[in-house]
Structures are given as C-alpha cells and as structure tokens.
Amino acid sequence: MNAPLSAIRPSATSSVPLRGAIFDMDGVLTDTIEFHYQTWQRLADEERIPFDRQANEALRGLSRRDSLLRMLDGRTLPEAKMQELLDRKNQYFREFVKTMSSDHLLPGVRDFLDDLRAAGVKTAVASASQNVYVVVEQLGIADDIDAITNVYCVDRPKPAPDVFLHAAERLNLSPSECVVFEDAESGVEAALAAKMHVVGLGPVDRVGAAHWVLPSLNGLRWADLQAKFEK
Ligand code: G6P
Ligand code: MG
C-alpha cells in the first residue's frame, strides 16, 4: 500500500480472521464535513450563534441534535425551536446532497470497495447521519454495501458502541471479526467500546486512540489489514 503508517498499537492483533469492514460515512467515504460546516455556519449566522470552522471540527461524528446542543453551549431553547433549527439545517444540507455523485467519494474509496468485494469481505456503513441512505445512494455505492445503519437504528449515539454492534449483527459477524474505519474521536471511542479493530483516519491528535492511524483510505488493501490485525 502507498499510505504512510503513522501509528499502530500492538494490542490490536487477534487470532480471529477478519470478515467485515464497517465504515463511518462523513469524513471516511466522502468529504461532507465541508457541507456540514457551511450549513451549520449559515444557520449560526441567521440565529446569531457564535460559530466558526474550528468549532465545526468538534462536531465531527456527533448527531445533528448533539451538534446543535454543543453549539448552544449550555443555552436552552424550547423543543419546538430546537426542532425548527434542526430541520432548517437539514434542509440546507439536503441542497448539497442533491449535487453529490461518485465524484464525491474520497480518494481510494472506490478501489478499496472493489478490493473488499474481490476478497469476499462483508461491508457496512454505520453513521451518525440521518441522511446516510440518501448519501450512499448519491455516491453510487449502494450495491457495494451489505448493511446501512445509523444512530437512529439504536438507543445511544456514538461514542456508545451501539451503532457498530448493530452493523456487525446485520452482517452476522462477531465484533472481533470486524474492522471499523472512523475519522472522529467519538467514533473511534465507539468502535473501541464495541471491541472491534479500529482504523483512525486523520491526525493523531484526533484519532490517535485507534489501533492503527492512517491519513486516508487511499492505497489501502484488505491484505494490509489482515497483515496488521490477524495473528
Ligand atoms: C456525521 C457528521 C456530523 C453530522 C452528523 C449528523 O457524524 O460527522 O458532522 O452532524 O453526521 O448528520 P445528519 O445528516 O443527520 O445531519
Ligand atoms: Mg465521520
């Protein structure tokens, strides 16, 4: 593989063969982070809520409601107002979603999905996003994914392990057979809590708790994961 390796924690290997790949979506398969930023910024400006790019970074992996609560920083709003803001934000975001296509897959994703298919690996997407189904469809990868889940299918959002455990169940795999790809701190925490192998994508100060940290999926092959995680 071409991707430079910045960290691996030795405790990650196991004698159980890997059989499933579970992907977070935003920031892993596609760079919707910018779309989320622009739509939150638009809402924040309209509502005079202090917000900027740096504040947006802290929202990675959080559900829409948890993101708004973080932005409000302890300020409370009536539930009807909260709902209106969440709906308005999503309406802005859906305008971006309409423009999405396979051109919005992050580098290396298409090749990696082909490699997983050829290797007979089961695949799932486990996202915090309510828009996961429409985005996967727009990206043109619905046929490559065996199970699509989000935090609305389970009781607790990330950093609880629920959505990853649910994805593994949908694939009929045990957690130790699965490797998770995540770009968010809360997602890495969730995948570790699910007792899965975890690849963190991005800087060490964000995903450094993962078993293996890579800059992206570009150049990665299933054989690389087997070499790293299987005894
Ligand atoms: C992902 C993104 C977050 C986003 C969340 C909810 O986890 O990293 O930035 O807020 O999904 O997305 P949604 O599509 O439901 O608004
Ligand atoms: Mg993400």
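Where is the place of Pro159? Pro159 sits in the loop between strand S4 (147-150) and helix H7 (162-170); the views below take up this loop and other sites.

The model is predicted: local features need pLDDT of at least 70, side-chain atom pairs count only at pLDDT 80 or more, and totals for chains, interfaces and linings use all residues. Residues are numbered from 1 along each chain as its sequence is written, chains are lettered from A and ligands numbered from 1 in the order in which they are written, and side-chain values use heavy atoms, with hydrogens and water left out.

**View 1. The whole protein chain, with ten helices and seven strands.** The chain is as compact as a globular protein of its length, because its radius of gyration of 17 Å is close to the 17 Å that the globule rule gives for 231 residues. The radius is taken over C-alpha atoms, and the rule is 2.2 Å times the number of residues to the power 0.38. Helices (H or I, at least four residues) and strands (E, at least two) are DSSP runs, numbered from the N terminus. Along its principal axes the C-alpha trace spans about 55 × 35 × 30 Å. Of the 231 residues, 52% are buried. Buried means under 20% relative accessible area, exposed over 50%, and partly exposed in between (1.4 Å probe, protein chains only).

**View 2. The magnesium ion (ligand 2) and its donors.** Asp24 (OD), Asp26 (O) and Asp183 (OD) coordinate the ion at 2.0 to 2.1 Å. Along the chain, these donors follow the spacing D-x1-D-x156-D. Asp26 lies in the loop between strand S2 (20-23) and helix H1 (33-47), and Asp183 in the loop between strand S5 (178-182) and helix H8 (185-193), so the pair ties together parts that are 157 residues apart in sequence. Asp26 counts as buried, at 12% relative accessibility. Asp183 is buried too, at 2%. Donors are N, O and S atoms within 2.8 Å of the metal (3.2 Å for Na, K and Ca); water is not among the atoms, so sites may look incomplete.

**View 3. The largest cavity, with about 310 Å³ of space.** Rolling a probe the size of a water molecule over the atoms shows where empty space is left. On a 1 Å grid over the protein atoms alone, a cavity is a set of points where a 1.4 Å probe fits but cannot get out; a pocket is an open set with protein on both sides within 12 Å along at least five of seven lines; lining residues have an atom within 4 Å of a point. Grid points are joined across faces, edges and corners, and a volume is the space filled by probe spheres set on the points. The whole structure holds one cavity of 30 Å³ or more. Its lining has 22 residues, of which Asp26, His36, Leu59, Gly61 and Leu62 lie nearest the centre. H1 and helix H3 (64-72) are the elements that give two or more residues to this lining. H1 gives the most, with four residues. By class, the lining has seven nonpolar, nine polar and six charged residues. Ala, Val, Leu, Ile, Met, Phe, Trp, Tyr, Cys and Pro count as nonpolar, Asp, Glu, Lys and Arg as charged, and the others, Gly among them, as polar. Domain 1 (5-31 + 102-229) and domain 2 (33-97) each supply at least three lining residues. The domain bounds come from an automatic or database domain assignment.

**View 4. The largest pocket, with about 200 Å³ of space.** Its lining is made up of Glu57, Ala58, Arg60, Leu62, Arg70, Glu185, Ser186 and Arg206. Five of these residues are charged, two nonpolar and one polar. Both domain 1 (5-31 + 102-229) and domain 2 (33-97) give residues to the lining, so the pocket lies between them.

**View 5. Backbone details at Pro159, Arg48 and Asp73.** The peptide bond from Lys158 to Pro159 is cis, with omega near 20°. Arg48 is not a glycine, yet its phi is positive, near 55°. Arg48 is in the loop between H1 and helix H2 (53-57), and is exposed at 74% relative accessible area. Asp73 also has a positive phi, of about 50°, although it is not a glycine. Asp73 lies in the loop between H3 and helix H4 (79-98), and counts as exposed at 68% relative accessibility.

**View 6. Two residue pairs, Gln38 with Lys89 and Gln83 with Leu214.** Gln38, in helix H1, is partly exposed at 36% relative accessibility. Gln38 and Lys89 are 51 residues apart in sequence and 9.8 Å apart in space, C-alpha to C-alpha. Gln83, in helix H4, is partly exposed at 33% relative accessible area. Gln83 and Leu214 are 131 residues apart in sequence and 37 Å apart in space, C-alpha to C-alpha.
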